[in-house]
Amino acid sequence: MSLSNSQSYSSDKVLTQPVSSAHTWKIELLYDSECPLCMREVNFLQKRDAGRGLVKFVDIADDDYNPEAHGGVDFETAMGRIHAVLPDGTVVQNVEVFRRVYAILGMGWVYAITQLPIIGAIADFLYGVWAKWRLAITGRPKLEDIVAQRQERLCNTEGRCRID
């Protein structure tokens, strides 16, 4: 299921999906481990989490990434913009992810100003620009090429795939 094809939403709208397993985390952050700038942020956040398990870090670039286990956010959608899943299955994206993660880690003041309507709109716009150009800025192939390479890697010679 592709969220981008089935539903369009902004950072202030959410999509609720059931979450089946018990957990202690407060937010599940979907990140791309092949993005060097993303990894700097993830490493920083992991240090701030300090082993408390408040944030569950999920690498979407892992070949075993399963969208159904992570709010139904498929690989291509997750690669397009940052997403997080809340314990109740709510999926958030864009700057709202940073607001929530930083608040959970006790640093909500960093993104607090983005809750103001005009500042929030500007932050969302700037994040959209970053998301659009992230792959090129970090010297990576186009999203379509990454998705195709992943699909090829995950499919065997008989055309059967582990993840569709």
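This is a short tour of the model, stop by stop.

**Before you start.** The model is predicted: local features need pLDDT of at least 70, side-chain atom pairs count only at pLDDT 80 or more, and totals for chains, interfaces and linings use all residues. Residues are numbered from 1 along each chain as its sequence is written, and side-chain values use heavy atoms, with hydrogens and water left out.

**Colour by pLDDT.** pLDDT is the predictor's confidence in each residue, from 0 to 100. The chain has a mean pLDDT of 86, and 80% of its residues reach 70 or more. Now select residues 1-21, where pLDDT stays under 50. For this stretch the model has 45 contacts (heavy atoms within 4.5 Å) beyond four places in sequence.

**Select Glu28.** Glu28 lies in strand β2, residues 27-31. Strands (E, at least two residues) and helices (H or I, at least four) are DSSP runs, numbered from the N terminus. Is Glu28 buried or exposed? Glu28 is buried, because its relative accessible area is 2%; buried means under 20%, exposed over 50%, and partly exposed in between, with a 1.4 Å probe and protein chains only. Next, show His70: its side chain and that of Glu28 are joined by a polar contact of 3.1 Å. A polar contact is a pair of N or O atoms within 3.5 Å; within protein, one must be able to donate a hydrogen and the other to accept it, and residues adjacent in sequence count only if both atoms are side-chain atoms. Beyond four places in sequence, Glu28 also touches other residues, including Lys56, Val58 and His83.

**Select Asp49.** Move to helix α2, residues 36-49, which holds Asp49. Asp49 counts as buried because its relative accessibility is 4%. Tyr102 is 53 residues away along the chain, and its C-alpha atom is 9.8 Å from that of Asp49.

**Select the cysteines.** Cys35 is buried, because its relative accessibility is 0%. Cys38 is buried too, at 19%. How many disulfides does the structure hold? There are zero disulfides, a disulfide being a pair of cysteine sulfur atoms within 2.5 Å.

**Finish around Cys38.** Show Cys38, Ile82, Phe98, Tyr127 and Trp130 together: of the 21 residues lining the second largest pocket, these are the closest to its centre. Helix α2 gives the most to this lining, with five residues.

Technical notes:
On a 1 Å grid over the protein atoms alone, a cavity is a set of points where a 1.4 Å probe fits but cannot get out, and a pocket is an open set with protein on both sides within 12 Å along at least five of seven lines; lining residues have an atom within 4 Å of a point.
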